[in-house]
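I opened the model to look at its pockets, its cavities and a few of its helices. My entries follow in the order of looking.

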Amino acid sequence: TRAMNIFSPCGGFSTLRRGKTPVNAWSVSWSAFLKRSQDVQSKLMENGVTALTGIFFLLLCLAPASMDGLFLAVPAVIFYLLWKEKRIASFFLDPPLLGLLAFIVLALLNVLLGAGDYSKAVKLGRWIPPFLLGKFFVWKCPARLAPALLYGAGFIATLFAGAAILYALGLDSMGDASITLDDPELTFKNLSRAALYAGLAAFILFCHFLEAPSLWYANLPPTLFLAGVLILAGRRATFSGFLACSALLLAARRKFVLLGLGLAVAVGGIIVLNQADRFNIAPEHLATHQGVTERQSVWYAAWKIFQEHPVLGAGVGTFRKKSDPFVQEWFARHPQHQRHEILSEPHNVILHTLAENGLAGTLLLLLVFAGAGATVWKARHATPGALCLCGCLGLVFVHIQLQVHTVTNVAVLIFLLLGMARGLVPAPEQPS
């Protein structure tokens, strides 16, 4: 029964017992080495994908005009990595992604049929790289979703805080970007885009405040600061989306006292920041408000254009030209209102898509949103950060009911978030 240690060829020892086969220490060591190598490769992959996503987001915030090269590089890198892992089919055979590709193909087909602007239809391809990157990042690193959202929100808060400090020092612009607190455009170029960035960052930080109340000093002050920026931006739909998603989150956690306090703080912030007229939702006020009447006219025009081109729409980039007769018709029917400006889009993403891309394009775009929303909702308990991402998508969907972003930096941000949501679909096991 005594065991004997026999020197093995690999420099280790094998144990021999009576009636048993010796264990090959070389194979054990080699298996351990392979496992360690795979772990190192996996960690390097996660770090590389995280770095790429971080660089993409930083450029999106600071210099969106310089991202053309990155739009080409991202799909190529992702395709190569998937090809090495033999996972191309499992990654790309995704209904929302295929729906997004089909949407762009239909837009180009409409141009070939003589409807639409080719240059604007081609620019819709800028939706694909952020969607792929967001999906690939979460697909490979689901545990990093919550930290990534937090770091992104922290960076946006820092950006706005830096602008506030510069403004306090007497600097109100950086190049062609305004940084005044009453006009917080920054590098986002206009108030609507800045409002969405501020609203998303505020909601993410608020989610982390609820997750870790003991760290309130790190999450609550920037949340209140960004909510103030959102109020100053004066975008009612975005602010309403932020309040609605935050209220639903508090109600789901049965924090009704905090919910009431939060609504009181929101109302107080509107009053203190002198935005009461902007956020006045009284029907008699809205009935005569310039922004409301202008939107009603282009909503009417969008519906009329859709009725004339119900299947494929009038074509990408045609709304402004085709809407003018219908807008004039609407104002002729409502002589009590005056036309103050010519809007180039209908300020509602569904009506905009119906007018320019028809019913076919609208259903495809809704498939992308529905697929992403369903995925992130299913993963809300299993993956940290999924519920926060779900609220972000809800805020985005409310925002685009009064704004349209097709080829702007906000469109890139929206499809990055949609891709992250689809990345929560469980990845199949890697083939041996």
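Predicted model: local features only at pLDDT ≥ 70, side-chain atom pairs only at ≥ 80, totals over all residues.

Entry 1, largest pocket. I looked up which element gives most to the lining of the largest pocket: the largest share, four residues, comes from H13. Helices here are DSSP runs of H or I with at least four residues, and strands are runs of E with at least two, numbered from the N terminus. A pocket, on a 1 Å grid over the protein atoms alone, is an open set of points with protein on both sides within 12 Å along at least five of seven lines; a cavity is a set where a 1.4 Å probe fits but cannot get out, and lining residues have an atom within 4 Å of a point. I noted about 820 Å³ of space in the largest pocket. Its lining has 36 residues, and the closest to its centre are Ser344, Glu345, His347, Gln403 and Val404. Helices that each supply at least two lining residues include H5 (118-123), H8 (191-211) and H10 (236-252). By class I found eight nonpolar, 16 polar and twelve charged residues in this lining. Ala, Val, Leu, Ile, Met, Phe, Trp, Tyr, Cys and Pro count as nonpolar, Asp, Glu, Lys and Arg as charged, and the others, Gly among them, as polar.

Residues are numbered from 1 along each chain as its sequence is written, and side-chain values use heavy atoms, with hydrogens and water left out. The pLDDT (the predictor's confidence in each residue, from 0 to 100) has a mean of 85 over the protein chain, and 86% of the residues reach 70 or more. Residues 1-21 have pLDDT below 50, and this stretch has 27 contacts in the model beyond near neighbours in sequence. Contact means heavy atoms within 4.5 Å. I counted 17 helices and four strands in the protein chain.

I found four cavities of 30 Å³ or more. The largest cavity holds about 200 Å³ of space, where a volume is the space filled by probe spheres set on grid points joined across faces, edges and corners. Of its 17 lining residues, Trp127, Val349, Leu365, His405 and Thr406 are the closest to its centre. H15 gives the most to this lining, with seven residues. The lining divides into eleven nonpolar, five polar and one charged.

Which helix holds threonine 362? Threonine 362 lies in H15. It counts as buried because its relative accessibility is 5%; buried means under 20% relative accessible area, exposed over 50%, and partly exposed in between (1.4 Å probe, protein chains only). Leaving out residues up to four places away in sequence, threonine 362 touches Ile350, Thr353 and Leu354.

All 14 of the 14 residues of H17 are buried. H17 reaches 20 Å from its first C-alpha to its last, close to the 20 Å expected at 1.5 Å a residue; the expected span is 1.5 Å times one less than the number of residues. For H7 (residues 145-168), 24 residues should span 34 Å, and the end C-alpha atoms are 35 Å apart, which agrees. Buried residues of H7 include Leu145, Leu149, Ile156 and Phe160. Glycine 170 follows H7, and its phi is positive, near 100°.
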